[in-house]
Amino acid sequence: MKRSKAWKSSSETIGIETLYSIEDGIKLLKSSSKVKFDATAEVHYNLGIDPRHADQQIRTTVTLPHGTGKVVKVVVFCEDEHIKSAKAAGAIEAGGDDLVEKVIKGWTDFDVAIATPSMMKSLAKAARVLGPKGLMPNPKSGTVTTDIEKTVKEVMGGRLEFRNDKHGIIHSKFGKLSFSEADLVENFKTLHNAILEAKPTGSKGTYIKTVTICSTMSPGIKLDLAV
């Protein structure tokens, strides 16, 4: 893979095999970025789980205290009596069967979909559109709920979902490089604690193998969480 001069320069500064504390790693993450835009702070957890087994799957949510730095576009599939409150909470669109039909026709210009339990039967018709894009509401991610207003506000305020991929790795974001070091550290620790609490019952041996943080177009910084 061909690397840019900026990436090579950053990798020399970081030392790709060096282990850093959370605080030092985030300080280095901010200082080593070479891009001219507000890059996203990312983290990648390599976990000691076997995703082939149902009791070793991870899928849950966490609310970052300082948000993700991204403006989240939320839609709500609900009954008529919830439409007004959903939009007042910040949803860009809310509705019932008409909104489902709009999605079936291909409209997916949003980041998160929330639904009331009673709408899930109608929404199943749109699963072919929403599923491949990871937009289908799901009770495990907290996006199927009767408390629409609270959930919309939480999602827009910094709640994010994380899950393991087929290799047992969790990829997530925890802010923007424009955030202060203290805010990034607090966001990271909140996410880290959520991952610890989500340890599957079937996981044996070392749960967290490696943790690497990086930003958009930057080398990874390996963390030693025992530091």
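**View A. Lining of the largest pocket in the predicted model.** Strand 7 (159–163) contributes the most to the lining of the largest pocket, with 4 residues, where strands (E, at least two residues) and helices (H or I, at least four) are DSSP runs numbered from the N terminus. This is a predicted model, in which local features need pLDDT of at least 70 and side-chain atom pairs count only at pLDDT 80 or more, while totals for chains, interfaces and linings use all residues. Residues are numbered from 1 along each chain as its sequence is written, and side-chain values use heavy atoms, with hydrogens and water left out. At least two lining residues each come from strand 3 (59–63), strand 6 (112–115), strand 7 (159–163) and strand 8 (169–176). The lining comprises 23 residues, and those nearest the centre of the pocket are Asp111, Val112, Gly134, Leu160 and Glu161. A pocket here is an open set of points on a 1 Å grid over the protein atoms alone, where a 1.4 Å probe fits, with protein on both sides within 12 Å along at least five of seven lines, and lining residues have an atom within 4 Å of a point.

**View B. Volume and residue classes of the largest pocket.** The largest pocket holds about 610 Å³ of space, the volume being that filled by probe spheres set on grid points that are joined across faces, edges and corners. Sorted by class, its lining has 8 nonpolar, 8 polar and 7 charged residues; Ala, Val, Leu, Ile, Met, Phe, Trp, Tyr, Cys and Pro count as nonpolar, Asp, Glu, Lys and Arg as charged, and the others, Gly among them, as polar.

**View C. Stacked rings of Tyr45 and Phe188.** The model has 3 aromatic pairs, a pair being rings of Phe, Tyr or Trp (its six-membered ring) with centres within 6.5 Å, called stacked if the planes are under 30 degrees apart, edge-to-face if over 60 and tilted otherwise. Tyr45 and Phe188 form a stacked pair, at 6.5 Å centre to centre and with 15° between the planes. Because Tyr45 belongs to strand 2 (residues 40–47) and Phe188 to helix 8 (residues 181–197), this pair ties together parts that are 143 residues apart in sequence. Tyr45 is buried at 0% relative accessibility, and Phe188 is likewise buried at 0%, where buried means under 20% relative accessible area, exposed over 50% and partly exposed in between (1.4 Å probe, protein chains only). Ring pairs link Tyr45, Phe174 and Phe188 into a cluster.

View D. Trp107 and Phe110 form a tilted aromatic pair, with 5.1 Å between the centres and 50° between the planes. Trp107 is partly exposed, at 21% relative accessibility, whereas Phe110 is buried at 5%. The charged end of Lys102 sits over the ring of Trp107, 4.2 Å from its centre, a contact that requires NZ of Lys or CZ of Arg to be within 6 Å of the ring centre and within 35 degrees of the ring normal.

View E. Ile26, which is found in helix 2 (residues 22–32), is buried with a relative accessible area of 1%. The C-alpha atoms of Ile26 and Cys214 are 8.9 Å apart in space, although the two residues are 188 apart in sequence.

View F. Met217 lies in the loop between strand 9 (208–215) and strand 10 (221–223), where its phi is near 65°, a positive value in a residue other than glycine. Most residues other than glycine have a negative phi. Met217 is exposed, at 62% relative accessibility. Gly90, in the loop between helix 3 (80–89) and strand 5 (93–95), is partly exposed with a relative accessible area of 26%; Gly90 and Lys73 are 17 residues apart in sequence and 8.5 Å apart in space, C-alpha to C-alpha. Ala54 occupies the loop between strand 2 and strand 3 and is exposed at 73% relative accessibility.
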